Amino acid sequence: MSFSVMLEQLSSGMVKSLGIFVLTLVFSLPLGLLVAFGRMSKNRLLQNIIKVYISVLRGTPLMLQLLVVYFGPYYLFGMRIGGTYRFLAIIIGFSLNYAAYFAEIYRSGIESMPVGQYEAATVLGYNKIQCFFRIIFPQVVKRILPAVTNEVITLVKDTSLSFSLAYAEMFTIAKQIAAAQTTFMPFVVAAIFYYVFNLVVAVTMEKIEKKLSYYQ
Amino acid sequence: MKKGMIGMALAAALAASMVAGTVCMADERTTFAVGFDAEYPPYGYMDENGDYTGFDIELAQAVCDLRGWELVKTPIAWDSKDMELESGAIDCIWSGFTINGREDDYAWSLPYVDNSQVVVVTEDSGITDLAGLEGKIVAAQAASAALELLSEGGDQADLGATFGTLQEFADYNTAFAELKAGSVDAVAMDVGVAQYQIKTSEGCKILDETLNAEQYGIGFALGNEELRDQVNESLLELLDNGTFDELAEKYELSDMVCLAAPAEEAMETETEAAEAETEAMTE
């Protein structure tokens, strides 16, 4: 296999890794916020359910969770799983897992806001929803951005865990090329790809951070 | 708080509907999903152009061409092969799959390759026979036939017990790197794969003494004998028209292939196949 073909193959794998990355963020960021609300809920039952959810999702390996999401429908409910479910399972698995982490990040941000702001908002006639989305949330976003960046960078690297379901993202393809060509070159190339990917993520997040720090 | 609960319920419903949408049963077979280890040359691997190929893959393609099925090449993680098969994600395991020791676990096709499990060592290791492996670190792929053979309950368990360590690894490429780096003393594996690896690994050799003689078959889920019989029938057709031998030659496996029409002892399967055929015709 020529080097250019290898690059081409790994690039096509990169596109799939990128797909997992983007879709996971699209689903887990909003889901994380909902989970955070549940975690901070005054309803004891909901709060405890969410606590268990976060505890389990953070306390077990993501690779294991992927296997459970993929094979679970069959072993638990006897459903036959078809070809496209492999990808869906990966997105569901990653989204559920990352939502748990994001929820705690949101919570840290939301709970760090001084009570006085809520009181002031109430006095000014804001209702709870207006207060949260117009006053609290924009500040929360700024505060939690470094922590979110951490998770997002981890996610880029975690996409490689999809190899456990043999989904043809970059790491799986690198392994396959390595086996067929009996060489470790694809891993070197894959490492560079991941690094560049993360460099882009880090630079972008830094830019967003700067843009949001308009009061400093 | 209420909002949060509704949102959660919505998300759960969405996830559930996505699952339900993809889980459906096909009435008539149009596709044939073959599960294989894509890191297992020359049986299944990624070729120069980045497509999956290999002796098993091309053979499966030929069967599909005969049957008018669409071949779905499904690379699987070898550890999860049983879960993939049971859950219906794949129709069969076709990946240099050893029958011996797993006779009752799958509905097996006719055996098509005579294989043996061998041990690869480095030339300068001074190891010349199986007895020389005493106290050494020997590696075998997780969930592989070689591992089962050498572990407790296997036919070579006594030999396995003499090893210093029986190390499990995920893929052969890593195992060979470890062998050359000296972190393991020997690797136990299928002879076909060993020969492929040896071509590019200088300083490695296969011990003359083999661990066993065994056969490869295509593994179908128990209870799926009908599909098994259809594939068997097509395989024999490919043997008759020469395609099978051509493929064997292409992948340098001519010395090892053993596909043959079943003899008397297998009459039962043949009648079954014939019955299935009449059934198919009357339908």
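Biologist: How many C-beta neighbours does A:Thr182 have inside 10 Å?
Modeller: A:Thr182 has 17 and counts as partly exposed. A residue is buried with 20 or more other C-beta atoms within 10 Å of its own, exposed with 12 or fewer, and partly exposed in between, the C-beta atoms being placed from the backbone. Keep in mind that this is a predicted model: local features need pLDDT of at least 70, side-chain atom pairs count only at pLDDT 80 or more, and totals for chains, interfaces and linings use all residues. Residues are numbered from 1 along each chain as its sequence is written, while chains are lettered from A and ligands numbered from 1 in the order in which they are written.

Biologist: Okay, and where is A:Thr182?
Modeller: A:Thr182 is in the loop between H7 and helix H8 (185–212) of chain A. Helices (H or I, at least four residues) and strands (E, at least two) are DSSP runs, numbered from the N terminus. The phi of A:Thr182 is positive, near 45°, and this residue is not a glycine.

Biologist: Why point that out?
Modeller: Because most residues other than glycine have a negative phi.

Biologist: Which other non-glycine has a positive phi?
Modeller: A:Ala166 has one, of about 55°. A:Ala166 sits in the loop between helix H6 (128–158) and H7 of chain A. A:Ala166 is buried, with 22 other C-beta atoms within 10 Å.

Biologist: What about H1(A) and H2(A), at what angle do they pack?
Modeller: About 130°, with the axes of H1(A) and H2(A) 7 Å apart. Axes are lines fitted to C-alpha atoms, for helices over the stretch in contact, and angles run from 0 to 180 degrees between N-to-C directions. H1(A) and H2(A) are therefore oblique to each other; under 35 degrees counts as roughly parallel, over 145 as roughly antiparallel, 65 to 115 as roughly perpendicular and the rest as oblique.

Biologist: Which residues of H1(A) meet H2(A)?
Modeller: A:Val35, A:Gly38 and A:Arg39 do, and their partners in H2(A) include A:Leu46 and A:Ile50.

Biologist: And the two chains, how many residues of each are in contact?
Modeller: 36 in chain A and 39 in chain B. Residues are in contact if their C-beta atoms, placed from the backbone, lie within 7 Å. H1(A) gives the most to chain A's side, with 7 residues.

Biologist: How is chain B divided?
Modeller: Into domain 1 (30–114 + 215–282) and domain 2 (115–213), with bounds from an automatic or database domain assignment. Their centres, taken over C-alpha atoms, are 26 Å apart. Between them, 16 residues of domain 1 are in contact with 14 residues of domain 2.

Biologist: How many residues are in the largest nonpolar core?
Modeller: 126, and B:Val120 is one of those with the most contacts inside this core. A nonpolar core is a set of buried Ala, Val, Leu, Ile, Met, Phe, Trp, Tyr and Cys residues joined through C-beta atoms within 7 Å. H4(A) gives the most to the core, with 16 residues.

Biologist: What does B:Val120 touch?
Modeller: Leaving out residues up to four places away in sequence, B:Val120 touches residues including B:Leu179, B:Ala186 and B:Ile206.

Biologist: Last one: where is the cis peptide bond?
Modeller: The cis bond joins B:Pro41 and B:Pro42, with omega about 5°. B:Pro42 is in the loop between strand E1 (31–36) and strand E2 (45–46) of chain B.
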